[in-house]
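This briefing describes a predicted model. Look at the sequence and the structure first, then read the points below, which are grouped by topic.

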Amino acid sequence: MTAPIVIVGAGQAAASFISRHVALANPQPLLLIGEESHPPYQRPPLSKKYLLGQLERERLFIRPLEWYAEQNINLQLDTRVEAIQPEHHRLQTASGESIEYDKLLLCTGSSARRLPAAIGGSLDGVFTLRSIADIDRHSPEFQSGRKLLIIGGGYIGLEAAAVARQLGLEVTLLEMAERILQRVAAAATSDYFRELHREHGVEVRESTQLARLLEEDGKLCGAELESGEIIAADLALVGIGGSANIELAQAAGLDCNNGIRVNQICQTSDPDIFAAGDCSCFERNGQTIRLESVQNAADQGDLVARHLAGEDVRYTALPWFWSDQYDCKLQIVGLNQGHNHSVIRPGASDRSRSIWYYRDEELLAIDAMNEPKSYAFGRKIIEAGINPSPQQVADPATDLKALALGR
Amino acid sequence: MATITWKMEDGSEITADVKNGLNLMEAATANNVPHIEGECGGCLSCATCHVFVDPEWFAKTGEIDDIEDTMLEMTDVEREDNSRLSCQIIASEELDGLILNVPEPE
């Protein structure tokens, strides 16, 4: 009997791979190995509706648990893979089991960065939000009147701030850079979200460096800033980014830098091992990039399934991303890395606008806040390689649909 | 509970009983309906759960809001008058017997 295709890591990339594998009726058996107890689930709602308590756990599952058995997919959950021996096409689990693979797909994802224990990162009451288990453990502490300190003004921190305010917590958010979202967005987008959060009562403090978290009987009680100022806190969410889970791949001798290096068919430096999703890095427009997004995970997983079914495919997908905070829907298309100017397109209300990013004349990306037209038509405009002038874009009278259709 | 039927372009059909309150993108993926992906989980950012609603049923599937209306411009197969994003259709007794035609991207 042929050895199965083995997938390590049960996230969005794995789910997308499996869906396509099944849809293409590829007869090769599949074994999915996951460390958590759950079948592949959606992570984006974790810091939004799931944290808010508005979504049942089962609805996070991308496919119901029974579905895998119905498709004859072997699901091995609660299982950690310890090592891969590419030369033998085998891997070892933590329980000592040795499993043979024909092809291997690594979907090991990324992990939240933590604060060092030396400055209080391991105190009771300090947490990160990445998994169902994280939310299940900490959401009961999100109670009205409690003081939440958020360290890091990225998407996770901002989304959690929105949920916490909706639940009545007092929220202080610390960002050490000059502005929130500095690493990922233009100043105009940061301005929009700073204003949104301040209006909802979040104390947003930029250019503010944490010195250490403070404890009382082993439990978090506050934070000391570099300035010496003390802030009281009952809870602290650390949202300072993630790093790819590459240890397994690295130990197996696969080429890695900040992710597992893959080519245009998501193949690693070993031709029988593929990688998809947050754990992979790849070349795009001459730069090595790594994306933490559903789009990338889903599209890469899908592509590997197509490749293994014999299709001639290359990864060229245009990145997109979204975030929900209060009543604001942020939709992003493209990657703004390398932009040297941007322009604001006003929306129909003062709560809607979009930011268009350019490198010289080339349109790279769009952040659309409550502005789905900019997102939807902007996506078409970028895909078609149309580069409207910033003046055209900034003029609310410009018909984006007509522009997208090349009229 | 509502019995929903998805009709594919090749004439094949999938029928399933769907619990009230679930959206029909979730129901489609759970029942292996091809070409319904629902990448964004139903938050109106991907337009990968496009369906054509049987005209007799169209009015019963509810209002199309501005965001859905815009996102319908992004579908792989061009929208028609009876297009919906199925993540925005919520199962209820009202929809028992609903027929959805699933477009097949090239």
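**Overall form of chain A**

Chain A has 407 residues, and a compact globule with that number would have a radius of gyration near 22 Å; chain A has 22 Å, which agrees. The C-alpha trace of chain A spans about 65 × 65 × 35 Å along its principal axes.

- Chain A contains eleven helices and 26 strands.
- Of its 407 residues, 46% count as buried.
- Among the contacts in chain A with a separation of 6 or more, 61% are between residues 24 or more positions apart.

**Domains of chain A**

- Chain A is divided into three parts: domain 1 (5–111 + 242–308), domain 2 (114–238) and domain 3 (327–404).
- The centres of domain 1 and domain 2 of chain A, taken over C-alpha atoms, are separated by 30 Å.
- Where these two domains of chain A touch, domain 1 gives 13 residues and domain 2 gives twelve residues.
- On the side of domain 1 of chain A that touches domain 2, helix 2 (residues 49–52) of chain A supplies the largest share, three residues.
- That side of domain 1 of chain A has six nonpolar, four polar and three charged residues.

**A residue in helix 4 of chain A**

- I132(A) belongs to helix 4 (residues 132–138) of chain A.
- I132(A) has 17 C-beta neighbours inside 10 Å, so it counts as partly exposed.
- Leaving out residues up to four places away in sequence, I132(A) touches H38(A), Y41(A), L46(A), R57(A) and L60(A).
- H38(A) is 94 residues from I132(A) in sequence, yet their C-alpha atoms are 8.6 Å apart in space.

- Helix 1 (residues 12–23) of chain A has twelve residues, and from its first C-alpha to its last it reaches 16 Å, close to the 16 Å expected at 1.5 Å a residue.
- Helix 1 of chain A is largely enclosed by the rest of the structure, because eleven of its twelve residues are buried.
- The buried residues of helix 1 of chain A include F17(A), I18(A) and V22(A), and also R20(A) and H21(A).
- These buried residues of helix 1 of chain A pack against strand 1 (5–8), strand 2 (30–33), strand 7 (103–106) and helix 8 of chain A.
- Helix 8 (residues 294–308) of chain A has 15 residues and reaches 21 Å from its first C-alpha to its last, close to the 21 Å expected at 1.5 Å a residue.
- Helix 8 of chain A is mostly covered, with 14 of its 15 residues buried.

**Strand pairing around strand 20 of chain A**

- Strand 18 (residues 260–261) and strand 20 (residues 280–284) of chain A run parallel and are joined by two bridges.
- In this region R261(A) stands opposite C281(A), which is in strand 20 of chain A.
- Strand 20 and strand 21 (residues 287–289) of chain A run antiparallel and are joined by three bridges.
- The bridge partner of E283(A) is T288(A), in strand 21 of chain A.
- The hairpin of strand 20 and strand 21 of chain A has two residues between the strands, and N285(A) in this hairpin takes a positive phi near 50°.

**Two loop residues with positive phi**

- D360(A) has a phi near 55°, a positive value in a residue other than glycine.
- The loop that holds D360(A) lies between strand 25 (353–359) and strand 26 (362–369) of chain A.
- D360(A) is exposed, with 9 other C-beta atoms within 10 Å.
- L44(B), also a residue other than glycine, has a positive phi near 65°.
- L44(B) is placed in the loop between helix 1 and strand 3 (50–53) of chain B.
- L44(B) is buried, with 22 other C-beta atoms within 10 Å.

**Contact between chain A and chain B**

- The contact between the chains takes 21 residues from chain A and 14 residues from chain B.
- On the chain B side, the elements that give two or more residues are helix 1 (24–30) and helix 2 (66–71) of chain B.
- The residues on this side of chain B divide into seven nonpolar, four polar and three charged.

Methods
Residues are numbered from 1 along each chain as its sequence is written. Chains are lettered from A and ligands numbered from 1 in the order in which they are written. This is a predicted model: local features need pLDDT of at least 70, side-chain atom pairs count only at pLDDT 80 or more; totals for chains, interfaces and linings use all residues. Two residues are in contact if their C-beta atoms, placed from the backbone, lie within 7 Å. Helices (H or I, at least four residues) and strands (E, at least two) are DSSP runs, numbered from the N terminus. Ala, Val, Leu, Ile, Met, Phe, Trp, Tyr, Cys and Pro count as nonpolar, Asp, Glu, Lys and Arg as charged, and the others, Gly among them, as polar. The expected span of a helix is 1.5 Å times one less than its number of residues. A residue is buried if 20 or more other C-beta atoms lie within 10 Å of its own, exposed if 12 or fewer, and partly exposed in between; C-beta atoms are placed from the backbone. Domain bounds come from an automatic or database domain assignment. Two strands pair if DSSP finds at least two bridges between them. The radius of gyration is taken over C-alpha atoms; the globule rule is 2.2 Å times the number of residues to the power 0.38.
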